[in-house]
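Here are my notes on this model, as numbered points. Please read them alongside the coordinates.

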Amino acid sequence: MAGRIRDDDVAAVRERTDIVKLVSGYLTLKKAGHDRFIGLCPFHTEKTPSFGVSPSKGLYHCFGCGKGGDAIGFLRDVEHLEFSEAVERLANDVGITLRYEGDTPAERRVASKRQAMVRANEAAFELYHHTLLEAKEGEEARAYLESRGIDRDVAAGFEVGYAPAYPDFLLKRLVKSLSTELLVEAGLAIKDQEGNVRDRFRRRITFPVHDLSGKAVGIGARILPGGREEGPKYLNSPETPVYRKAEVLYNLQRAKASATKLGELFLVEGYTDVIAMVRAGVTNTVATCGTALGEGHFRLASRFAQRMVLAFDSDDAGARAAERAFEFVERFPVQPVVLILPEGLDPADFVDARGGDALRELAATAVPLVEYMVRRTVGRHDLSTIEGQSAAVAAAVPLLERLGDPVRQSEYAHLLAELAGVSEGSVVLALEQKLSGRPVEVQQVVKRASAQEKVEREILRILARDADAFRQISPRLSDEHFRTTRHRELLHLLRDSGGHVSGSTAEGGDEEVVQALTALALEPLDGDLLPPPGTAEDEPGDGPEVRRDVPAADLGRRRATPSAGTEPRRGLSCRVATRSQGRDAERVAGVHVSYTSPRFPPGTYGSESIDRSHPRPGPGRSEGADHRPRA
């Protein structure tokens, strides 16, 4: 570079650059008026567009972070370029030949070094690519790639190359035009403590890495199997002024167009996975470059997509990525979902066997990252004991605490309760304690069942021990009456046995099922028993009754959104025999409780006495009203 770019050339570049086309290469823009396009700002995290572009003025401005300027300024900021580099890039795009004047030595050195590094990478790409396709040294690598479905045409499309095992293969061929120091600074060669220099990449298949504009910035390399293997399986370029692994996604320069169109981006672990998926038609696929999924990757993905599919070949790989990604799930407007492929297949094997359409169909069922984390956290614990349940809740509550949306917190609290087999109220209480900064005594919370669940359990006990009650009540009950999965399962077990618990406890039955049903049949009722059907004091309408008549909103915390195809869960209303049962029922907000005939005659039901001490409700007091909770 001879010097400073002339002002009139800079003005010509500014005038002839289509700023909308330029910006659209980095984020999705939507027309919002005669001379205005809007999108999510690439310079700060936001979920509502505050970034605007005016094509007639050639300017952009973000009303969120305040950044603004022309096309040159945008490219400088988004690509971390020097002024002259940005102008040169744009001039090349619009076909302007630049003329130079004076320039400061410092600016010239910085820009020149960056450009030289890009040229060095381009030269290395070309050399390794030619070696793979044409040279004798590349025969073994060609055979291996063909076995992985990467033929000559595919290798040419992705500029795949091969670095032979010689320690100075690249050095000998590039040192004539590029200095040894530059090759070391660009990460293509390494210098040991004795000052000896050798190639960084040896006996490796090379995958060129580009930035969003297509500049050659680094290399990802995989060791060629079958020979003497030195070093790690994967080796990448080190950090350089033009290559920052935390801010680069392999293949994004190609994938960004389809990602913007589809609103979805697939993230895989390997370069060959990317190539296989693109070959199968899943063109919106990228990979990290030998580093953990981080904030910079989320920022990049959120510019082009609303959904990011993390596709992995094993649950362990998915868990590692998910745990790293969870830190950023609330900070960027892209929803990460986790897809664990079946049978331990990696993405390349899966699309080779079943095709890209099958992968897209499977990806539609991918689990949101938060749900995946909750399920995996709960799955680590033994849920057969209260201690295990409480440990599962304690481990998962911090995940819910980090969610900023109260609706999502509520929904995931419900999911956690279902998975751990505890009451939703106990999870909500634990979460509230955590959010308020109070110590979370989860085990005590889990043990304390809600009043709603006590009523549910009481109804199941009645069904298990009274055949007439079973015939009257069970047809009117549905899953919507029961908050916990366990209670719904017990209802189905009772129905399957026709209300005859003994029929389900025969030899060979499931031990856990037998224990659950016998517990229902033998647990004492919470208070007095209903009078035996058919007694002289029975009156029409007396006896146990359950009906849906109270909106779910009156029953405290519930799931915000009912399942598709179902109406909102309704409250329980039950007619019980005693005030002790009624008090438990009435602790559930909105549960209507009325009493069976208070004129219970002296006598017994089975071997248990009937309490006759409860008087008839007096004047001014409605039946079933609970006036003071029992101590």
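1. Salt-bridge network. R6, D8, D9 and R99 are joined in a network of salt bridges. The criterion is a side-chain nitrogen of Lys or Arg within 4 Å of a carboxyl oxygen of Asp or Glu. By this rule the count is 21 salt bridges.

2. Ground rules. The model is predicted: local features need pLDDT of at least 70, side-chain atom pairs count only at pLDDT 80 or more, and totals for chains, interfaces and linings use all residues. Residues are numbered from 1 along each chain as its sequence is written, and side-chain values use heavy atoms, with hydrogens and water left out.

3. D70 and R14. Their side chains form a salt bridge, at 2.4 Å from N to O. The pair links distant parts of the chain: D70 sits in strand β5 (residues 68-70) and R14 in helix α1 (residues 7-16), 56 residues apart. Helices (H or I, at least four residues) and strands (E, at least two) are DSSP runs, numbered from the N terminus. D70 is buried at 16% relative accessible area, while R14 is partly exposed at 37%. Buried means under 20%, exposed over 50%, partly exposed in between (1.4 Å probe, protein chains only).

4. R408 and E330. The closest N and O atoms of this salt bridge are 2.4 Å apart. R408 belongs to helix α18 (residues 406-420), and E330 to the loop between α13 (315-325) and β16, 78 residues away. R408 is partly exposed at 27%, as is E330 at 22%.

5. E295 and R299. Here the closest N and O atoms are 3.2 Å apart. The two residues lie four apart in helix α12 (residues 295-304), so about one helical turn separates them.

6. A buried lysine. K215 is in the loop between β9 (204-210) and β10 (216-223). Its relative accessible area is 16%, so K215 counts as buried. Beyond its neighbours within four places in sequence, K215 contacts L81, R89, R114, V118, V209 and H210. Contact means heavy atoms within 4.5 Å.

7. Mixed sheet. Six strands form an open sheet, ordered β12-β14-β13-β15-β16-β17, with mixed pairing. β12 (249-250) and β17 (367-368) are at the edges with a single partner strand each, so one side of each lacks a neighbour in the sheet. Pairing requires at least two DSSP bridges between two strands. Strand β16 (residues 335-340) and β17 pair antiparallel over two bridges. V337 stands opposite P368 in β17.

8. Overall. The protein has 25 helices and 22 strands. Of its 631 residues, 49% count as buried.
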